Amino acid sequence: MKYKNIIFDLGNVLVALDNEACARAFIALGCERLVNVDSDPAVKQLFDQLGLGLITNGQFYAQVRLLTGTTATDAQIDAACNAMLTVIPDVKKQRLLDLRQAGCHTFLLSNTIDIHWRYCLKHLWPYGNYGIDDFFDQAFVSQEMHLLKPSREIFQAVIDRTGIVPADTLFIDDIKENCEGAERLGIHTFNNVHFNDWLALDLYCPGSPWRGALPTDI
């Protein structure tokens with residue numbers, strides 16, 4: 001498969017998630033109500049507003065305390081939120097570097113919150129002397145864009161801001177509906193069902209010195 005552009009999701013594509021660790025951390029803070037987001041309309045609305053950038057991090061912390069009665073500090077709430085973020089394997093960071101060296105334009109598009117993104121930038125992305133700007137031409141996160149996948153608007157915004165051609169582009173995401181959203185604009189997709197699935201793809205770009213997948217062991 002030959003693509004000029006590859007757009008990566010973050011969670012369950014690049015970063016391994018541990019939702020149970022996050023749940024345990026919230027429970028330890030007395031925030032059990034935050035564990036079952038989809039079954040509590042008020043909690044779901046809170047996280048949706050944060051994900052869309054409609055409220056600030058400070059407003060989020062205040063609402064968490066109001067909804068749960070916890071006395072946790074902002075830093076403790078941060079830590080509980082980030083307990084789900086475990087690792088970005090070095091093999092994936094190296095793959096991103098190799099793709100860019102081979103001539104691919106790489107992008108990140110994630111429904112993520114600033115709390116998670118700042119943690120990833122500080123703790124998970126550093127790799128030797130490399131940082132986020134070495135892995136991607138541009139990174140797009142929902143809280144900054146005020147848009148969420150799988151909306152048509154978020155994919156169109158990426159196309160408009162980067163100038164990429166959908167027919168030359170692959171989008172990799174673990175959620176089928178997000179892939180379907182990209183496909184409606186003519187972007188090729190790969191539904192990454194298992195964390196390391198995309199590593200087995202035969203991704204290469206014009207001018208690439210190699211073909212074939214890199215090792216999938218991490």
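Helices (H or I, at least four residues) and strands (E, at least two) are DSSP runs, numbered from the N terminus. Keep that in mind as we walk through this predicted model, where local features need pLDDT of at least 70, side-chain atom pairs count only at pLDDT 80 or more, and totals for chains, interfaces and linings use all residues. Residues are numbered from 1 along each chain as its sequence is written, and side-chain values use heavy atoms, with hydrogens and water left out.

Let's start with the whole chain. Its secondary structure comes to 10 helices and 7 strands. The C-alpha atoms fill a box of roughly 55 × 35 × 25 Å, taken along the principal axes. The radius of gyration (taken over C-alpha atoms) can be set against a globule rule, 2.2 Å times the number of residues to the power 0.38. For 218 residues, a compact globule would come out near 17 Å, and the chain has 18 Å, which agrees.

How much of the chain is buried? Of the 218 residues, 46% count as buried; here buried means under 20% relative accessible area, exposed over 50%, and partly exposed in between (1.4 Å probe, protein chains only). Contact means heavy atoms within 4.5 Å. Among contacts between residues at least 6 apart in sequence, 69% join residues at least 24 apart.

Now zoom in on L170, which sits in strand β6 (residues 169-173). L170 is buried, because its relative accessible area is 2%. Leaving aside neighbours within four places in sequence, L170 is in contact with Y3, N5, I6, I7, I187, H188, T189, F190, L201 and L203.

Next, the inside of the fold. A nonpolar core is a set of buried Ala, Val, Leu, Ile, Met, Phe, Trp, Tyr and Cys residues joined through side-chain atoms within 4.5 Å. The largest one has 49 residues, and those with the most contacts inside it are F8, L14, F60, W125, F136 and W198. A second, separate core of 15 residues includes I7, F107, F155 and I159. Back to L14: not counting residues up to four places away in sequence, L14 touches partners including F8, V87, L108, W125, F136 and W198.

On to the helices. Two packed helices are described by the angle between their axes and the distance between the axes. Axes are lines fitted to C-alpha atoms, for helices over the stretch in contact, and angles run from 0 to 180 degrees between N-to-C directions. Helix α2 (residues 41-51) and helix α3 (residues 57-68) pack at about 170 degrees, with their axes 10 Å apart. So α2 is roughly antiparallel to α3 (under 35 degrees counts as roughly parallel, over 145 as roughly antiparallel, 65 to 115 as roughly perpendicular and the rest as oblique). On the α2 side, A42, V43, L46, F47 and L50 make the contact, and on the α3 side N57, F60, Q63, V64 and L67 do.

Helix α4 (residues 74-82) has its own buried residues: I77, D78, A80, C81 and N82. What covers them includes α1 (19-28), α3, β3 (85-87) and α6 (114-124).

Finally, take a look at some loops. A cis peptide bond joins K149 and P150, with omega about 10 degrees, and P150 lies in the loop between α8 (142-145) and α9 (152-162). H146 is found in the loop between α8 and α9 too. Phi of H146 is near 60 degrees, a positive value in a residue other than glycine. N12, in the loop between β1 (5-8) and β2 (16-17), has a positive phi of about 65 degrees although it is not a glycine.
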